[in-house]
Amino acid sequence: MAADRPADHAAPSTTPRTAPRGASPAAARSTSASASASALAGLADERVDHRFKALPPDAEGLTVAALAAERRNLFTGGFTTPVLALSAESVEHNLALLEAYAERHGLAFAPHGKTSMSPQLFADQLKRGAWGITAAVPHQARVYRAYGIERIFLANELVDPVALRWLAGELSGDPEFRFVCYVDSVRGVELMARALSAAGATRPLDVVVELGAGEGARTGARTEADCAAVADAVAAAGPLRLVGVAGYEGEVPDADPERVRAWLRRLVALAAGFDAEQRFAGAGEIVISAGGSAWFDAVADVFAEIPELSLPTLKLLRSGAYVSHDDGHYKHLTPFNRVPEEGALEPAFRLWAQVVSRPSGEQAFLNAGKRDAAYDLDLPEAQVVRSVRDGSVRPATGITVTGLSDQHTWVRTQDGAELEVGDWVGMGLSHPCTSFDKWQLIPLVEADGTVSDYLRTFF
């Protein structure tokens, strides 16, 4: 089917994102919104072909929209194994839960987009009140801009002159575009200022000083004195504007509720001290940001204690893994385990693989491996078996995943475990960030197995 339409395999073009120079803010917003809608619509127009794992071979050449409209069944609709499925109901539940949580606690929300790198999920998050989307590296920010994201928080210091030249162009071309990023060193500030000046930046780049979570932690200035030195460097750098402080509490050494809250209070005190010294002069608001997916309850508690400052305060949470949650790492770490009255996230991923070898009564092999499943934190967990004989589904009792090769899952079976060649095994995964990145087009599946849509990722 695809052979007579080779040109259709090219990625759809998108309309320009930015309004002409001198356009009114309203015109810029309208242009950006139109470009975003056009880009998202372009995803639905993409052709299904060999690039996308597990999709039905007989769908070759259909657009994603046309395939979604067929509402095929994941198990009987021609999909090949292994196939990663994302529960439509669980994703919707998780989106709604964090929207309500942030609103209830007076937090703005910029979910970390590195988790999914899916513009469709970004759009859903923004519709549910997200302030913007967090990024880690310039490539991610470019993807966000291609799909009309108007507010980006980059949780890293950005010193690449090529990326800064691109960013200067984005800021100049779209007066409504807001970009905030970390600074954590005087040297970094110098490199940023030099690159932005060379690029002819017409708007200052908003930056927040990153407070490190402690000795031996990840990035960030280690002491308050170091933070002040970075802030002084920003004040002396024309192309930069200091608008707040930020960090990542997930890197606190030997993290527990007391240590995490103590570090968060340091962050709040740093912001208050900078404000008293009038370091945020020229900022429209003071940004105070933290919050991964393991300690956002502590962030909510401590940010509720932020004193009144001289400017409005943007209390910005950045959790990202919540959108799919998982059956391993975050299942154990989620703050909702500590505050069950606030609700509970639902694991949305299930990787389906087929038994391709049953060499003994104690061993079996599935046709999924490291190319398909996250394995950096925990191995997949066998949850259910779908019989090749009659399509019935049963718990994966006595079936344990013991290892992964590139293209095989090693399975140990106890006496009496029902498993035969051809059966489908549904597995829960651990760590969303390394699950999404192995799949470019992921079926969104309803509880009865109906595939209602497909999520495109850009890693």
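Reply: Rings of Phe, Tyr and Trp (for Trp, its six-membered ring) count as a pair if their centres lie within 6.5 Å; planes under 30 degrees apart are called stacked, those over 60 edge-to-face, and the rest tilted. By this rule, a search of the whole structure finds 14 aromatic pairs.

The structure is a predicted model, in which local features need pLDDT of at least 70 and side-chain atom pairs count only at pLDDT 80 or more, whereas totals for chains, interfaces and linings use all residues. Residues are numbered from 1 along each chain as its sequence is written, and side-chain values use heavy atoms, with hydrogens and water left out.

A pair of aromatic rings is described by the distance of the centres and the angle of the planes. One of the pairs is formed by Tyr-101 and Phe-296, which are edge-to-face, with 5.2 Å from centre to centre and 70° between the planes. This pair links distant parts of the chain, since Tyr-101 belongs to helix 3 (residues 88-104) and Phe-296 to helix 10 (residues 296-303), 195 residues apart. Helices (H or I, at least four residues) and strands (E, at least two) are DSSP runs, numbered from the N terminus. Tyr-101 and Phe-296 are both buried, where buried means under 20% relative accessible area, exposed over 50%, and partly exposed in between (1.4 Å probe, protein chains only).

Phe-153 and Tyr-182 form another edge-to-face pair, with 5.9 Å from centre to centre and 85° between the planes. Here too distant parts of the chain are linked: Phe-153 lies in strand 4 (residues 151-157) and Tyr-182 in strand 5 (residues 178-183), 29 residues apart. Phe-153 has 0% relative accessibility and therefore counts as buried. Tyr-182 has 2% relative accessibility, so this residue counts as buried.

Ring pairs can also join into a group: Phe-75, Trp-352 and Trp-424 are linked in this way into a cluster.

Finally, rings may have a charge over them. A charge sits over a ring if NZ of Lys or CZ of Arg is within 6 Å of the ring centre and within 35 degrees of the ring normal. Lys-53 lies over the face of Trp-439, at 3.9 Å from the ring centre. Lys-370 is placed over the face of Tyr-375, at 5.3 Å from the ring centre.
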